[in-house]
Each structure stands twice: as C-alpha cells, then as structure tokens.
Amino acid sequence: MGGIGPVGIVGGGPAGAELARRLAEARIACVLYEAAPYRAKPCGGGLTPRAMERTPPSVREATPGRPVFQITSRSPSDRTFDLRLSEPVTIVSRKAFDQQLRRAAEEAGAKVVYRRVRTVEQRDGFFIVDGRDAFSLLAGAGGFNCPVARALAGPLPAEDLAASVGYYLEGEHPSRIVIRFVSGLAGYLWFFPGPSAASVGIAGPARGFSVRRAETMLKNFLESLVPGQAPNGRYVWAAPCLRTGAFDARPVAGENWLLLGDAAGLCNPITGEGIAHALESAALAARAIQTGDLESYRTELEKGIVRELRRAAVMKEEFFKPGFLRMGHLVMSGSAAANDLCRRFAEGKISYHDLKPESYRLLPKALFQVLGSRIGRRG
Ligand SMILES: Cc1cc2nc3c(=O)[nH]c(=O)nc-3n(C[C@H](O)[C@H](O)[C@H](O)COP(=O)(O)OP(=O)(O)OC[C@H]3O[C@@H](n4cnc5c(N)ncnc54)[C@H](O)[C@@H]3O)c2cc1C
C-alpha cells in the first residue's frame with residue numbers, strides 16, 4: 001500500500017481492535033491506542049447473532065460466552081411475553097471479549113500502545129496525537145467521548161446520548177434475559193446472565209436522566225429477580241443515542257480521518273445494541289483504507305447501518321409511549337404469528353425497514369389470534 005501508513009487508531013474496543021486486526025492482516029502498519037486494557041467496558045455484553053457473525057472466529061473460540069435462548073419482556077403494566085430464540089444472544093464478559101480482540105490485532109501484527117490519548121491536532125497534513133506521534137490517517141474508535149470525534153466532528157450533545165446505571169451480579173443465574181419497561185422512561189431495565197456474572201442496568205435519554213431515580217428503579221427490579229443478592233461494580237455511563245436528524249448532521253469521515261462504532265454514533269437508539277455495528281464499521285473502514293477511498297466508507301455506512309439506525313430513531317419516537325408498549329405486549333403475548341415476527345426481528349433476520357410492511361401483512365392474523373386468546377381466557 002504505497003503512501004499509506006502508519007494508521008493511527010484511537011480506542012481499542014471492538015471497533016478499533018477489529019480495524020487494527022484487519023489492517024495488520026492487509027499489511028498496513030497501524031498503531032492502536034487503548035486507555036483501559038484491564039477494565040470491562042460498561043455493557044450488557046450481549047452478542048446478537050449478527051454480532052457473533054462479525055466476530056473473528058479465533059475471538060469467538062477464546063471468549064467464554066453464555067448462549068441464552070429466552071427473552072422475557074415486561075411492560076409498565078406488568079404484562080409479559082417470552083421470545084424463544086432459535087439463534088441465541090451470547091453473553092460475554094466485555095473485559096475478556098475486548099482483550100481477545102486486541103490480542104487478535106497484536107497477533108496479526110498491529111502495534112498496541114496502552115495509553116490514554118489526550119490531544120489530537122492537525123498540523124502540516126498530519127494528525128498529531130499527544131503532541132508527538134504523527135499519522136497521515138487517523139481513525140477514531142474511542143467510544144461516545146472519543147477524542148478524535150470531539151476534535152474533528154465535535155462532541156455529541158446530551159440530546160444524542162443515553163445515560164445508564166448498571167451493576168454486575170456474581171454467579172451463574174437462570175438462562176433468561178429480562179427486559180423491563182417502566183412508565184415515564186424512554187428506555188428500559190435489563191438483566192443479562194453472563195458466564196460468571198449477570199449484567200443488570202437501566203438506560204434512558206441523558207437529558208433529564210436522574211441517577212437517583214434510576215437506581216431506585218434498578219434496586220426494585222433486582223429485588224424482584226434475585227432477592228437479597230448484593231450487586232457490585234456499579235457504573236454510570238453514557239452511549240450514543242442519535243436523533244433522526246443527527247445521523248445526517250454528524251460527519252463520520254473527512255479528509256484522511258474516519259470514525260467507527262460508538263464514536264460515529266452507531267448505536268441502536270431503541271435497543272442500545274452497538275457491538276455488531278462497531279465490528280461492521282471496522283470491516284468497512286478497513287476496506288476503504290485499503291482501497292484508498294474513504295468516501296466509500298461513508299456511502300457504505302449510509303446504505304447499511306446508518307439507514308437502519310435512522311429508521312430505528314424514527315420508530316423510537318413511538319416505541320416507548322405507554323400505549324405502544326401496552327399494545328405491543330398484548331399482541332406479542334396473544335399472537336403466535338406476531339411473537340414469531342418479533343423473534344425473527346430480535347435475531348436480526350428482519351430489518352427495521354421490513355418490519356412495518358411485515359407487521360401490516362401479519363396484522364389480520366395477529367388480531368384474530370389475540371382476540372381468540374382473550375376469548376379463550378374468559379371462556
Ligand atoms: C450500559 C451499556 C450496555 C450495553 N449493552 C450492550 C449489549 O448488550 N450489546 C451490544 O451490542 N451493545 C451494548 N452496548 C453498546 C456497546 O457497548 C457499544 O456500542 C460498543 O462497545 C461500541 O464499541 P466501540 O469499540 O465503538 O467503543 P467502546 O467499546 O466504547 O470502546 C472504546 C475504547 O476506546 C478506549 N478509549 C476511550 N478513550 C480513549 C483515549 N482517549 N485514548 C485511548 N483509548 C481510549 C476505551 O478504553 C475503550 O476500550 C451497551 C452500552 C452501554 C453503555
């Protein structure tokens with residue numbers, strides 16, 4: 001690759017580590033900076049089938065994961081439904097997962113520097129990291145508060161962020177993901193049972209998020225699931241949660257720089273899923289760097305991930321409304337056809353764009369089934 005390299009990559013989470021591995025495998029020199037190699041990134045650790053597919057096989061094999069086939073969803077009015085997955089959500093420790101991704105990058109030949117990047121400047125056609133390391137091409141993969149993104153695209157405003165409070169619960173817990181919606185929160189509580197600990201937390205829009213109120217809800221949620229067990233590893237964290245217009249307003253690439261994963265805002269505004277997008281953005285970025293066509297990165301993202309996330313952002317405006325949640329839980333618990341659609345959607349087999357036409361197609365059958373189940377219950 002004449003003229004390229006070394007590439008600077010700030011942030012060694014899924015996006016940055018996977019980009020480093022792919023570049024190193026393509027014999028493009030790169031330096032990956034990671035600030036916190038021994039810390040688990042606050043996360044549910046849930047790898048959807050889509051995320052598993054995008055994880056390098058060596059990392060999949062080396063990271064202990066717990067496949068979970070059941071998701072229970074509970075509405076604010078306590079109506080529940082279960083999804084029985086045919087392809088599991090695999091729950092991993094983020095510490096182990098990220099370490100394995102970085103190890104794969106190092107084994108492929110990437111240079112990994114364990115240091116927090118403080119400053120990013122542009123000088124004489126180069127990007128200068130911390131006033132001393134010069135790169136002709138720079139990738140920002142440092143999460144929602146990435147210094148590259150802050151310097152080149154600007155910080156994310158609170159309106160485009162979600163806030164969360166979470167804990168870990170040691171031990172092996174029943175193999176079931178629990179999602180709980182509560183009134184007045186455009187977000188949810190979760191319980192993700194991992195291989196040696198469960199991740200529990202609550203997330204909602206950062207603007208107006210009250211940590212105290214969130215913790216009270218979280219404690220009640222925990223008490224209902226695992227009474228008496230004390231959680232540990234408390235964190236308060238943020239994640240991108242872009243509004244519809246923000247996907248258009250925010251640049252993901254410019255002259256000789258690009259942003260990946262959370263740094264590019266590639267997190268699902270409804271579910272908070274981001275690992276699959278981080279890994280996919282790394283694959284697209286690596287290809288764009290290899291071909292020397294950074295514009296293709298922007299257009300490929302736009303055609304795929306961004307198009308989907310923008311659609312999710314539109315749906316979000318209705319999704320957390322009490323009426324929508326009530327109706328959703330009623331239909332999912334009373335109609336096998338609707339439940340199956342939801343399962344396929346959760347497994348990533350139906351896109352956000354196809355969800356609406358698919359739902360309309362199923363509507364008569366679903367309503368008939370819901371009616372039948374309610375009459376059956378009364379009879
Ligand atoms: C509470 C919570 C729960 C979540 N649960 C899930 C889930 O279950 N499934 C899912 O798919 N997604 C989940 N997500 C989203 C997911 O965690 C992110 O989308 C994903 O981690 C993005 O990967 P990334 O590599 O872009 O960024 P990150 O994973 O944030 O990685 C960024 C890396 O950059 C490093 N870094 C940051 N600043 C610097 C610096 N200045 N210098 C050097 N290094 C730096 C950090 O230490 C970190 O390792 C969750 C998010 C949150 C907040």
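Tutor: Helices are DSSP runs of H or I with at least four residues, strands are runs of E with at least two, and both are numbered from the N terminus. By that rule the chain has 12 helices and 17 strands. The model is predicted: local features need pLDDT of at least 70, side-chain atom pairs count only at pLDDT 80 or more, and totals for chains, interfaces and linings use all residues. Residues are numbered from 1 along each chain as its sequence is written, and side-chain values use heavy atoms, with hydrogens and water left out.

Student: What makes R310 buried or exposed?

Tutor: Take the cut-offs: buried is under 20% relative accessible area, exposed is over 50%, and partly exposed is in between (1.4 Å probe, protein chains only). R310 has 17%, so R310 is buried. R310 sits in helix α9, residues 294-319.

Student: Why is V252 called buried?

Tutor: V252 has a relative accessible area of 11%, so V252 counts as buried. Its place is the loop between α7 (246-249) and β16 (253-254).

Student: Which residues are in contact with V252, beyond its neighbours within four places in sequence?

Tutor: Contact means heavy atoms within 4.5 Å. With those neighbours left aside, V252 is in contact with W257, L258, L259, A264, Y297, R298 and L301. On the same terms, R310 is in contact with T244, F247, D248 and E302.

Student: How many residues lie between V252 and V120 along the chain, and what separates their C-alpha atoms?

Tutor: V252 and V120 are 132 residues apart along the chain, and 16 Å separates their C-alpha atoms.

Student: What share of the chain counts as buried?

Tutor: Of the 379 residues, 53% count as buried.

Student: Which parts of the chain form each domain?

Tutor: The bounds come from an automatic or database domain assignment. Domain 1 is 7-65 + 92-158 + 243-315, domain 2 is 160-239, and domain 3 is 335-378. The centres of domain 2 and domain 3, taken over C-alpha atoms, are 28 Å apart.
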